[in-house]
Amino acid sequence: MGRRCCWRRRGLVAACLGTAFLLLCTAPRALRLAFENRALGSIWFGGERRSPLQMLYDLDQNPSSPLAEVHRQRRDLLRRTCSRLTRRQHLLRPEDLRHVLVDDAHGLLYCYVPKVACTNWKRVLLALSGRGRGDPRAIPAHEAHAPGSLPSLADFSPAEINRRLRAYLTFLFVREPFERLASAYRNKFARPYSEAFQRRYGTRIVRRLRPGARPDALAQGHDVHFAEFLGYLLDPRTRREEPFNEHWERAHTLCHPCRLRYDVVGKFETLAEDAAFVLDLVGESGLSFPAPPRPKAAAVRDQAARLFQDISPFYQRRLFDLYRMDFLLFNYSAPSYLRLR
């Protein structure tokens with residue numbers, strides 16, 4: 001039996017993995033509805049509480065919820081943009097889902113995008129599982145990022161993946177692409193505590209893009225310039241040798257939003273509100289998302305603008321083209337400081 005895509009009945013999630021869904025998609029509608037109701041009502045809490053996905057469905061029927069309407073509009077925009085911009089799509093393999101983390105106890109799938117509060121979201125998922133005495137702030141960052149600390153959807157069989165995609169609330173958080181890129185550069189190349197990262201990537205960038213580099217720069221990669229970093233991203237050899245590192249890989253490549261349909265698309269720019277919305281759906285409104293005080297949006301934009309001011313319009317355009325899908329899928333405008341014309 002061949003593989004195909006099937007869409008969740010309410011049109012929020014797509015699964016493209018194997019034959020388990022094919023049986024459900026071709027079954028009579030009454031059988032599919034019975035399966036979904038049984039799955040959604042019994043997987044969590046012994047059937048005593050409504051799942052996060054059911055809670056979202058209830059909110060979608062309530063026109064008096066402004067925040068639910070915001071998220072509905074984001075879903076609709078993402079779906080329309082995917083339909084307009086993507087034609088041929090390959091089927092997902094389990095390894096494509098490595099960034100999708102699983103919380104079976106609460107019926108959650110979270111696709112993490114580095115530099116978009118993913119450390120704190122991992123802390124929250126660990127706290128929901130009882131670690132840190134239920135306080136995300138008590139969980140160290142290294143523990144949140146420890147391999148195996150949270151199960152990945154890629155660890156399951158195709159049938160198990162499909163079951164979770166069908167019944168769990170699926171969410172991700174995104175960020176204005178160039179502000180995320182600027183944050184990744186500052187965090188990984190402009191700060192002294194990223195020595196291991198600089199040795200792995202910084203030395204590679206210096207060797208390739210800095211003729212006559214000093215021996216210490218070649219050995220340590222500690223002084224990579226922003227223009228060199230962008231040159232490395234735009235160099236075709238980079239992606240031929242290996243995939244982009246997750247800190248600067250495009251969000252749509254990490255999370256496949258045109259292949260998996262997301263119920264909640266949170267944004268870094270509205271992190272506190274969107275995180276509270278997800279936790280309310282989970283039934284954990286008393287759990288505080290550990291978001292640190294954020295600088296004003298204008299200050300964040302100015303930091304990115306300063307990094308880009310010495311980048312030529314030619315390379316600005318090439319970089320924008322590289323990250324274009326993230327701009328379009330998640331409804332971000334090209335930054336005003338770019339000289340794209």
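1. A pocket, as the word is used here, is an open set of grid points with protein on both sides within 12 Å along at least five of seven lines, and its lining residues have an atom within 4 Å of a point. The model under discussion is predicted.

2. By that definition the largest pocket is lined by 40 residues. Nearest its centre lie Lys115, Ala117, Cys118, Thr119 and His145. Two or more lining residues come from each of H5, helix H8 (177-189) and helix H15 (297-308). The volume of the largest pocket is about 1200 Å³. Its lining divides by class into 18 nonpolar, 11 polar and 11 charged residues.

3. H5 deserves a separate point. This helix gives the largest pocket five residues, the largest share of the lining. H5 spans residues 118-128 and is mostly covered, with 10 of its 11 residues buried. Among the buried residues are Cys118, Trp121, Arg123 and Leu128. The cover over the buried residues of H5 includes strand S3 (100-103), strand S4 (108-111), helix H6 (141-144), strand S5 (169-174) and helix H14 (271-282). After H5 comes Gly130, with a positive phi near 105°.

4. S3 and S4, both part of the cover over H5, form an antiparallel pair with four bridges. Leu101 has Tyr110 of S4 as its bridge partner. Four residues lie between the strands of this hairpin, and Gly107 has a positive phi near 70°. In a regular strand, side chains alternate between the two faces of the sheet. S3 has Val100 and Val102 pointing one way and Leu101 and Asp103 the other way, and all are buried.

5. The largest nonpolar core holds 91 residues. Those that touch the most other members are Trp121, Phe178, Phe229, Leu233, Trp248, Leu319 and Tyr323. Trp121 is also one of the buried residues of H5. Leaving aside residues up to four places away in sequence, Trp248 touches Arg180, Leu181, Phe189, Phe197, Tyr201, Phe229, Tyr232, Leu233 and Tyr323.

6. The second largest pocket contains about 300 Å³ of space. It has 17 lining residues, with Pro243, Phe244, Glu249, Thr253 and Leu254 the closest to its centre. Helix H9 (195-209) and helix H13 (251-255) each contribute at least two residues to this lining. By class, the lining has four nonpolar, four polar and nine charged residues.

How values were computed: Residues are numbered from 1 along each chain as its sequence is written. This is a predicted model: local features need pLDDT of at least 70, side-chain atom pairs count only at pLDDT 80 or more; totals for chains, interfaces and linings use all residues. Side-chain values use heavy atoms; hydrogens and water are left out. A nonpolar core is a set of buried Ala, Val, Leu, Ile, Met, Phe, Trp, Tyr and Cys residues joined through side-chain atoms within 4.5 Å. Buried means under 20% relative accessible area, exposed over 50%, partly exposed in between (1.4 Å probe, protein chains only). Contact means heavy atoms within 4.5 Å. On a 1 Å grid over the protein atoms alone, a cavity is a set of points where a 1.4 Å probe fits but cannot get out, and a pocket is an open set with protein on both sides within 12 Å along at least five of seven lines; lining residues have an atom within 4 Å of a point. Grid points are joined across faces, edges and corners, and a volume is the space filled by probe spheres set on the points. Ala, Val, Leu, Ile, Met, Phe, Trp, Tyr, Cys and Pro count as nonpolar, Asp, Glu, Lys and Arg as charged, and the others, Gly among them, as polar. Two strands pair if DSSP finds at least two bridges between them.
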